[in-house]
Amino acid sequence: MAHDLIFKNGVVVTPSGLVQGGVSIDGESITHVGSDDELGQGFREVNLDGRILFPGVMDPHTHFGCGDRWDEDTLVTDFTINSKDALIGGVTTVATTTLVGSDSLTGLYNQTKRAGTGRSYCDFVIDSVVTDRAGIDEIPSLIAQGASGFKFFTGYIGEQAEAFGMNPNGFPPALFFEACEAIRKGGRAGFAKIHAEEPTVRGLLVDRMRRSDAPATLMSWADTTPEWAESAQVYTYGMIASQLSVPFYPVHISTARTLDTIRWMRSQGTKMTIETLTLFLNATAQEMDARKLGGMAKIQPPLRHQADQDGLWDAVVDGTIQTIGTDTCTYSATYKTGADFWGCRVGVNIQFADTIALMMTNGVATGRIDLRTMARLLSENPAKRYGIYPQKGAITVGADADLVVIDPEREMTLGVDRLRGKSDYSVWEGTPAQGVPVLTTLRGNIVMEDGEITADEPKGMFLGAR
């Protein structure tokens, strides 16, 4: 019998290494991986012509619903429209956060699930943002419903904390201890994600900068967060999680100093999944200042310096960093430009469309990493952390047929014209890249070709932990 779809004559990136040949697909699943003469015939066959067949990427750090407004309408819009840009970049699964508000943690979780179901162009999992003790009490029941990731904004106090529905004192260690107790009670699937950035000194320095004549630059913004501020919270909250045997996941690590702290903690037995951002690996504050990006590249924690970027790449190579996310928000330029650099919103907009191109250009092409390492960082490890591997994150028999064809020779200039959602700017505008996604499949359906969405309807599904 002929298979539904066959990819052949390519370089297939599998968990065990590179395979010359292709894959066969029936329905939503991969049915064979091997040489071309083992694949049989297909109703549709795609000749890869030597190009790379890569597992669909999972972005473990996005914020649908966090746009110009933070509400359910924005959440629905992001799934309906902005999720298309995930497919442009070969991202087939995202982890997105719940909104915050007066509703219960369970209510916010179900709100996100409803918003994405039948509307999302990519598959998705949900991180629940826990802001208070009432939310902590709901954690075990959410884990029983298939939830796994729980997000804590430990780096925020004052007005920033209140914007997230927290007490102005933030989310202190004692409350995090209780949250970890609840995660442990819920079972093995749960883990704790934190935004690590000691907030009191940072707040002091930001206030001083705003009152001073300091230049409104990304370099100055970096100076408001001392390099120890990140490692201080990684250590404090990580040791709490370790004491209670809760898997710990600090997001968007930005400094070389923090990596030294992480290596020491691991030597003492602390279990951690470490994430950095595509942005941090591929840009510095100095570079973005030179490009006059200003508020558009203002993120928290901030873009750092060359020594930090070099340290992050070293940590990618030696395995200290396991996952790469984007921290994608969906702001328009309205809240990122203007005279008040210090007051404009923090966060970067749609990023996942460019992850593969940037990692191919500055990682694989430079010899820093190979394709197998890139697959572990972008696909395998995030899926494992969320308990959905090998259904997701691998090209292997029985897995969902989430695939990306990467043309390693194709050159492209990145920018907002590539995007098919509502973004009106890109921090990568004008950036040259070589090695870009040219075709994406989601569960056996070809959903993107040559930069255009080909899905006739949204095919994304909600995924709970297995």
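**Helix α9 and its surroundings**

α9 passes α10 in a right-handed crossing. A crossing is right-handed if the near helix is turned clockwise from the far one by less than a right angle, and left-handed if anticlockwise. The contact draws on Glu227, Trp228, Glu230, Ser231, Val234, Tyr235, Gly238 and Met239 from α9. From α10 it takes Arg257, Thr258, Thr261, Ile262, Trp264 and Met265. Contact means heavy atoms within 4.5 Å. By type, the residues of this contact are seven nonpolar, four polar and three charged. Here Ala, Val, Leu, Ile, Met, Phe, Trp, Tyr, Cys and Pro count as nonpolar, Asp, Glu, Lys and Arg as charged, and the others, Gly among them, as polar.

Now the geometry. The model is predicted: local features need pLDDT of at least 70, side-chain atom pairs count only at pLDDT 80 or more, and totals for chains, interfaces and linings use all residues. Residues are numbered from 1 along each chain as its sequence is written, and side-chain values use heavy atoms, with hydrogens and water left out. Helix α9 spans residues 227-243 and helix α10 residues 256-267. Helices (H or I, at least four residues) and strands (E, at least two) are DSSP runs, numbered from the N terminus. The two axes come within 8 Å and cross at roughly 20°. Axes are lines fitted to C-alpha atoms, for helices over the stretch in contact, with angles from 0 to 180 degrees between N-to-C directions. α9 and α10 are therefore roughly parallel to each other, a label for angles under 35 degrees.

α9 itself has 17 residues. From first C-alpha to last it reaches 25 Å, close to the 24 Å expected at 1.5 Å a residue. That expected span is 1.5 Å times one less than the number of residues. Its buried residues are Ala229, Glu230, Ser231, Gln233, Val234, Tyr237, Gly238, Ile240 and Ala241. Buried means under 20% relative accessible area (1.4 Å probe, protein chains only). These residues pack against α6 (173-186), β10 (191-194), α7 (199-211), β11 (248-250) and α10.

Leaving aside neighbours within four places in sequence, Thr270 is in contact with Gly238, Met239, Ser242 and Met265. At 5% relative accessibility, Thr270 counts as buried.

Next, the backbone. Most residues other than glycine have a negative phi, and most peptide bonds are trans. Just after α9, Ser245 takes a positive phi of about 55°. His252, in the loop between β11 and α10, has a positive phi near 35°. His252 counts as buried, at 1% relative accessibility. Arg443 has a positive phi near 50°. Arg443 lies in the loop between β16 (432-442) and β17 (445-449) and is buried, with a relative accessible area of 5%.

Two peptide bonds are cis in what follows. One runs from Gln300 to Pro301, with omega near 0°. Pro301 is in the loop between α12 (285-290) and α13 (306-318). Another cis bond links Tyr389 to Pro390, with omega near 5°. Pro390 lies in the loop between α15 (371-385) and β15 (403-413).

Gln111 belongs to helix α3 (residues 105-116). At 12% relative accessibility, Gln111 counts as buried. Gln111 touches Glu72, Leu75 and Leu99, not counting residues up to four places away in sequence.

Methods: Angles under 35 degrees count as roughly parallel, over 145 as roughly antiparallel, 65 to 115 as roughly perpendicular and the rest as oblique. Buried means under 20% relative accessible area, exposed over 50%, partly exposed in between (1.4 Å probe, protein chains only).
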